[in-house]
Each structure stands twice: as structure tokens, then as C-alpha cells.
Amino acid sequence: MGGTGILLIVILYLVFLLGLGMWSARLSSKGSSEYFLGGRNLGPWVLSMSEKASESSGFMTVGLPGEAYSTGMSAAWNAVSSVFSIFNWLFFAKRIRRLSELQNSITVPDFLSARFKDDTHVMRWVSIVVMTVFMTVYVTAQFVAFGVLFEVVLGVSFSTGVIVGGIVTIIYTLMGGFLAVSLTDFIQGLLMAFAFFVLPILGIIEIGGFTEMGYQLSDMMGEEFLAPFFGNSALTVAGLIAIISYLFIGIGFNGSPHVLVRYMALRNTRDVKRIALIGIVWMMIAYYGAVLIGMSGLALFPGIDNPEHIFPTMTVELLPWWLAGIIVSAALSAMMSSIDSMLLIASSTIAEDMWNKIFNKGELREDKTILISRVATAVLGAFAITIALNPLDSVFWLAVFAWAGLATCFGPPMILSIFWKGVTKIGAITGMIVGPVVTVVWYFWPPVDIYEGGPAFIAALVAIVVVSLFTRPPEDDDFDQLWDDFTEKNELGRFTFLPSDEHVIENLKASNLDNKTEKEIIMDLVDREYKSAGTFRLTRSSEANG
Amino acid sequence: MDAFPISGWLILILPPILFIGSVVIWYIREVKMEKLENELFYKQKRNEEV
């Protein structure tokens with residue numbers, strides 16, 4: 001039953017995803033805000049899981065366990081890079097949500113163009129080029145990882161894995177839009193947390209306990225393997241550079257458009273606190289789970305040729321077939337959730353920012369915008385599948401490279417634009433170009449062997465600040481009004497209420513009689529009486545009319 | 001327990017405690033501030049009605 005059973009569960013899972021896509025398609029046909037942001041109706045659980053699942057990708061299931069298998073405890077520095085995600089929740093998310101509501105922007109380029117009054121569309125063009133190039137690279141890398149997992153676990157050919165997985169992901173993305181993507185990401189996020197929680201526990205039990213694992217690894221690899229200093233028992237200069245490099249990977253959280261767009265899709269700013277709590281617990285389980293999978297995997301299966309095969313190997317060897325099927329589905333989920341989010345963001349940029357805003361001056365009908373987005377999803381997806389069928393050698397590093405290119409283009413202007421009124425359009429555009437250019441240059445000709453995302457992010461921030469200081473900030477009344485509304489504070493020193501916030505508080509009020517005055521309670525009762533009487537009258541008159 | 005050096009233990013234990021702890025503290029602070037915000041909102045509404 002083993003291999004066939006796992007295959008059956010994976011197929012059932014893929015069919016389930018398609019069904020979910022079809023169901024969401026009915027809801028998403030209401031308009032482009034519904035399609036791209038889920039109508040801003042998604043709750044904190046769905047958005048939080050969706051944020052985490054989409055930013056994790058095959059890196060979590062294939063890359064990180066493989067790295068822990070090779071480098072031991074040093075891989076745990078990846079978990080420390082989660083601190084950049086905390087910065088998002090505590091400092092950026094609410095401001096992004098607030099400004100996107102005030103500007104009525106639904107994509108990241110839309111957000112930047114509205115903030116900087118970019119009538120020349122230079123910003124949109126830079127966004128479109130960077131997104132299309134780097135997201136296609138990223139999606140290609142995920143498709144390749146897809147093929148590898150199919151090959152190792154299910155025994156089907158690499159090409160079959162890439163094509164089948166790719167087509168299913170593309171179909172449900174283009175049918176359901178953000179709602180489908182977020183709902184499947186939610187399920188995928190839960191499945192991944194389950195896998196990262198259960199698998200290391202089973203592995204450590206199999207070894208004979210945590211202490212026994214330590215002794216075995218110490219005997220095999222030396223004590224340095226259990227210290228987080230990259231092959232040394234104490235911190236060295238090389239170790240410090242490696243640690244900084246690992247931490248810089250976390251900067252991607254602050255700039256990736258598929259992460260930032262989720263803050264724009266929040267129902268209201270009050271959901272951020274729940275998203276943060278769910279997200280950080282998920283990250284700690286997933287990151288430390290992945291590290292412990294790699295380390296326990298080395299003690300159990302020391303002779304694996306490719307360290308990145310440790311996750312699927314442990315899944316198949318340690319679990320009953322039905323549970324292995326669920327966990328493999330979770331691993332596929334990690335990749336699919338990144339692919340679908342990336343495809344949706346890239347295609348929404350092409351449809352909304354290029355086709356609608358540039359070519360049609362924002363007057364394109366919403367159904368046509370969605371149609372263009374779907375065509376773009378299909379074309380980009382098919383292109384990525386074609387490249388993935390002939391994979392490059394360094395797929396993993398290309399994925400990390402693409403992550404840096406995207407984050408350094410959008411992160412610095414987004415972050416500065418929500419804190420500093422003086423950021424100019426030319427400054428922001430300079431940063432959007434400097435970030436990806438430094439990423440590419442550092443990737444091919446690194447002056448120091450450090451992850452390219454960090455220096456590129458810093459270079460982009462510096463470029464924006466310097467150019468903004470030497471160019472004229474926007475001076476029209478509309479912008480001043482927008483900025484005043486955006487930064488307006490109440491007596492508590494917090495942002496004033498937006499319509500979405502007022503809606504939440506009014507709902508709270510309606511559900512809590514203690515907060516109501518007698519007059520309000522009576523008015524509510526009268527109102528209900530009137531409505532029910534109205535319904536009654538309507539029914540009676542309908543009956544009377546036959 | 002002796003198999004793991006102190007630095008190994010620290011990186012396993014400290015970041016989760018610090019990260020989850022800081023988010024929990026922030027969460028509690030947000031909830032308190034939201035209660036105050038609600039009161040402020042009701043007060044403003046009443047003033048508008050008056």
C-alpha cells in the first residue's frame with residue numbers, strides 16, 4: 001500500500017485544492033478587490049497562516065532540514081531571522097493597511113504609485129519588470145523542488161512532477177484569486193505546522209531521546225556540530241559573517257510583495273495583533289522543527305547522498321503510509337503556497353498596474369482586469385514550468401536570490417514611505433532600482449561572502465534617503481491632506497479611526513448591552529420591530545399581489 | 001543533557017522565549033489600548049449625538 005497509498009492521498013489533496021479553487025471562483029467574480037485582496041474579508045487565522053505558508057516555500061521543507069543535516073545547530077540562526085517578521089507586525093502592518101485604505105490601493109505598485117503621485121508610470125514599470133523577472137525565477141525554483149519531491153517520494157519522473165504540480169497550482173490560482181490562495185495557504189500552513197511538530201518528535205523518540213541524539217551527533221560530527229558557530233566551538237570572524245548572512249535572509253520578510261499585500265488585505269488594523277501571535281508561534285514550531293528534523297535525521301540516516309532529501313526520507317521511513325501521505329502533501333503545500341502567491345502578485349501587477357492603470361488609464365472594466373490577470377497567470381506559469389523542466393544547477397540559491405531582488409525593490413520604499421513624509425518620487429524610484437541592481441551585482445561579484453539581500457537592502461534605503469534629501473518632496477494639497485489623515489492621532493496618541501475600524505467597534509457595541517444607553521437599547525428594539533414589521537408587510541403585500 | 005554545549009541550548013531556548021514573549025506583551029498592551037479606544041469612540045459618538 002505504501003507508495004500507492006501516499007500517491008492516492010496526494011492526488012486527493014490536489015483534487016481538493018481544485019475544488020476549493022472552483023468554489024472561490026464564484027465569490028471572486030464579484031470584482032477586482034475581491035479577486036486580489038479577498039474583499040478584505042479574511043480573518044486573522046486565515047491571513048496569518050497564509051502569510052507564513054506563502055513566505056516559507058520549499059526552503060522550509062527541503063532547504064532548512066538539509067542545512068541542519070549538514071551544519072547542525074548553526075542552522076538555527078534561520079529561526080533567529082524571524083525577528084524581521086516581528087518588525088513587520090509591530091511597526092509596519094498597521095500603517096500599510098491604513099494608508100492602503102486611505103489611498104484605495106490594492107496592489108503593492110498601486111500603493112507606491114498612489115503614495116508618490118506617479119503619473120509618469122515609471123514606478124509601475126519598474127515594479128512590473130522586477131516582479132515579472134524575479135517572481136518567475138522564484139516560481140521556477142519552486143517547480144523544480146516540486147519535481148524533486150515527486151521523484152524522491154512518489155517514484156514518478158521529475159518532469160511529471162513539475163508538469164502535474166504546476167498545472168494544478170496554476171489552475172486554482174487563476175480560478176480563485178486571493179481568496180483561493182489564502183484559503184489553501186491556511187490549510188497548507190496548518191499541515192506544515194503539524195509536520196514540523198510531529199516529525200522531529202518521532203525522530204528523537206526513534207533515536208532514544210534528545211540526550212542520546214546529542215551524544216550520537218557528537219560522536220559522529222564532533223562537539224562543534226552542536227554549537228551554533230559554523231564548525232567552531234566558539235565565535236570566530238568567519239562565523240560572525242555567516243551569522244549576519246543568515247540573519248539578512250530575514251530582511252526578505254520586510255519587502256516581499258506577497259507578504260506586504262497580506263497586510264493590505266486585513267479586515268481592519270485590529271487583526272494585526274492576532275496575526276502576530278499566531279504567526280510567531282507558527283514560525284518557532286516550523287523553524288525549530290525543521291532544524292531538529294535535519295539533526296535527528298543525521299543520527300538516524302547518516303549516509304544520504306543529498307542532505308536535502310532528509311525530510312522526504314524521514315517521512316517515508318518513520319511514518320505509516322497514510323500519515324506520510326498527509327505530510328508529503330504538507331511539503332508540497334509549502335512550495336505550492338509560494339507559487340500561487342507569487343503568480344497572483346505578478347499577474348495582478350500585469351493586469352492592474354500595466355493593463356488597467358497604464359494602458360487604459362484606470363478605466364478597464366473589473367471583469368476584464370480579472371481576465372487579463374488570469375491570462376497572465378497562465379502564461380507566466382507555463383513559462384516557469386518550461387524553464388523548470390531543464391533546471392539550472394543552483395536552484396536553491398536562485399530562489400534566495402529572487403527573494404532578495406523582490407525584497408530590496410519594494411521593502412525600502414514601502415517602509416520609508418509610511419514613516420517619512422519627505423520621501424520623494426525620484427528617491428523612491430532610485431531605491432527601487434538600486435536594490436535589485438546591487439542584489440544582482442553582489443550575487444555575481446560579491447566583495448564579501450555575505451548574503452546579497454542585506455547589503456542591497458541597506459544600499460536601497462541609503463539611496464532613497466540621500467536622493468530624497470536633494471529632491472523636492474510632493475507639495476500639492478491633496479497629498480498634504482492624505483498625509484494628515486494618515487498620521488492623525490487621537491487623545492490616546494494612537495491613529496484615528498478609519499471606517500473599517502469604526503465598523504469593528506460598532507459591531508462590538510451592538511453585541512454588548514452594557515455599553516449601550518437605555519435610549520440606544522430602546523432605539524435598537526424599535527428599529528428591529530420596524531424591520532420585522534416591514535418584512536411582514538412586504539410578505540403580506542406579495543401574497544396579496546399573488 | 002551534557003552532550004549539548006551551553007551555546008547550543010541557548011540558541012534552542014532563548015529566541016522562542018524572547019520572540020513569543022515580546023509578541024505576547026505587545027498583544028496584551030494592544031488589547032488594553034483597544035479598550036480605551038472603544039471608550040473614546042463611544043464618548044465621541046455620544047458627544048456627536050448631543
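Let's start with a pair of helices in this predicted model: H5(A) passes H12(A) in a right-handed crossing. Helix H5 of chain A covers residues 83-103, and helix H12 of chain A covers residues 257-264. Their axes come within 7 Å and cross at roughly 65°. Angles of 65 to 115 degrees count as roughly perpendicular, and H5(A) and H12(A) are therefore roughly perpendicular to each other.

Which residues make the contact between H5(A) and H12(A)? From H5(A) come Ala93(A), Ile96(A), Arg97(A) and Ser100(A), while H12(A) supplies Leu260(A), Tyr263(A) and Met264(A). Sorted by class, this contact has 5 nonpolar, 1 polar and 1 charged residues.

Stepping back to the domains, the assignment for chain A gives domain 1, made of 2-19 + 56-408, and domain 2, spanning 498-545. Where these two domains of chain A touch, 6 residues of domain 1 are in contact with 4 residues of domain 2. On the domain 1 side there are no nonpolar residues, with 2 polar and 4 charged ones.

Finally, there is the contact of the two chains, to which chain B gives 26 residues and chain A gives 35 residues. The chain B side that touches chain A holds 19 nonpolar, 4 polar and 3 charged residues.

Here are the class counts together:

| H5(A) with H12(A) | 5 residues | 1 residue | 1 residue |

How values were computed. Residues numbered from 1 in each chain as written. Chains lettered and ligands numbered in written order. Predicted model: local features only at pLDDT ≥ 70, side-chain atom pairs only at ≥ 80, totals over all residues. Domains from an automatic or database assignment. Contact = placed C-beta atoms within 7 Å. Nonpolar A, V, L, I, M, F, W, Y, C, P; charged D, E, K, R; others polar. Axes fitted to C-alpha atoms, helices over the stretch in contact; angles between N-to-C directions. Helix = DSSP H or I, 4+ residues; strand = E, 2+ residues; numbered from the N terminus. Parallel < 35°, antiparallel > 145°, perpendicular 65-115°, else oblique. Left-handed = near helix turned anticlockwise from the far one by under 90°.
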